[in-house]
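Please read them with the structure open.

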Amino acid sequence: MPETIAVAGAGNFINGEWAPSQGGRTYERPNPWRPSEIVGEFPRSDAEDVAAAVGAAERAWPAWGRLPAAKRCG
């Protein structure tokens, strides 16, 4: 039986929030060193998720781009 070594439920970080993939599908990622260990469960993102992330980035860009570098890094 596989052993999970990380918390399940990772998501996509879009528009300042963690969200599952829009299709709701996930996949398990095994530890490359110990394939019987599952590192975690991750969203199986598709083109809709990419479009949502790109759209959020485009909307955020004008305000973010005006911030001083020190504020953008923190």
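How many aromatic pairs does a search of the whole structure find? The search finds three aromatic pairs, where rings of Phe, Tyr and Trp (its six-membered ring) pair if their centres lie within 6.5 Å, with planes under 30 degrees apart counted as stacked, over 60 as edge-to-face and the rest as tilted.

1. Basis. This is a predicted model, in which local features need pLDDT of at least 70 and side-chain atom pairs count only at pLDDT 80 or more, while totals for chains, interfaces and linings use all residues. Residues are numbered from 1 along each chain as its sequence is written, and side-chain values use heavy atoms, leaving out hydrogens and water.

2. Overall layout. The chain has two helices and five strands, in the order β-β-β-β-β-α-α along the sequence; these are DSSP runs numbered from the N terminus, helices being H or I with at least four residues and strands E with at least two. Of the 74 residues, 16% are buried (buried means under 20% relative accessible area, exposed over 50%, partly exposed in between, with a 1.4 Å probe and protein chains only). Among contacts (heavy atoms within 4.5 Å) with a separation of 6 or more, 49% are between residues 24 or more positions apart. The accessible surface is about 5,900 Å², and 58% of this surface belongs to carbon and sulfur atoms; areas come from the Shrake-Rupley method with a 1.4 Å probe, and for residues only the protein chains shown count as cover.

3. Strand 4 (26-30) and strand 5 (residues 37-43) run antiparallel and are joined by five bridges; two strands pair if DSSP finds at least two bridges between them. The two strands form a hairpin with six residues between them. Thr26 has Pro43 of strand 5 as its bridge partner. As for the aromatic pairs, the ring centres of Tyr27 and Phe42 are 5.9 Å apart and the planes are at 35°, so this pair is tilted. Tyr27 is in strand 4 and Phe42 in strand 5, so the pair ties together parts 15 residues apart in sequence. Both are partly exposed, Tyr27 at 32% relative accessible area and Phe42 at 27%.

4. Tryptophans of helix 1. Another pair is that of Trp61 and Trp64, tilted because the ring centres are 5.4 Å apart with the planes at 40°. Trp61 and Trp64 are three residues apart in helix 1, which means a separation of about one helical turn. Trp61 is exposed at 52%, whereas Trp64 is partly exposed at 38%. With Leu67, these two residues make a nonpolar surface patch of about 330 Å².

5. Loops. Ser21, between strand 3 (17-19) and strand 4, is buried at 5% relative accessible area. Beyond four places in sequence, Ser21 is in contact with residues including Asn12, Pro43 and Asp49. Gly11, in the loop between strand 1 (3-4) and strand 2, is also buried, at 19%. With the same exclusion of residues up to four places away, Gly11 touches Trp18, Ala19 and Pro43. The C-alpha atoms of Gly11 and Phe42 are 6.4 Å apart, with 31 residues of separation in sequence.

6. Backbone at Asn15. Most residues other than glycine have a negative phi. Asn15 has a positive phi of about 60°. This residue lies in the loop between strand 2 (12-14) and strand 3 and is exposed at 58%.

Definitions and conventions:
Patch = residues over 30% accessible without salt bridge, like charges linked within 9 Å, V, L, I, M, F, W, Y side chains within 5 Å. Salt bridge = Lys/Arg side-chain N within 4 Å of Asp/Glu carboxyl O.
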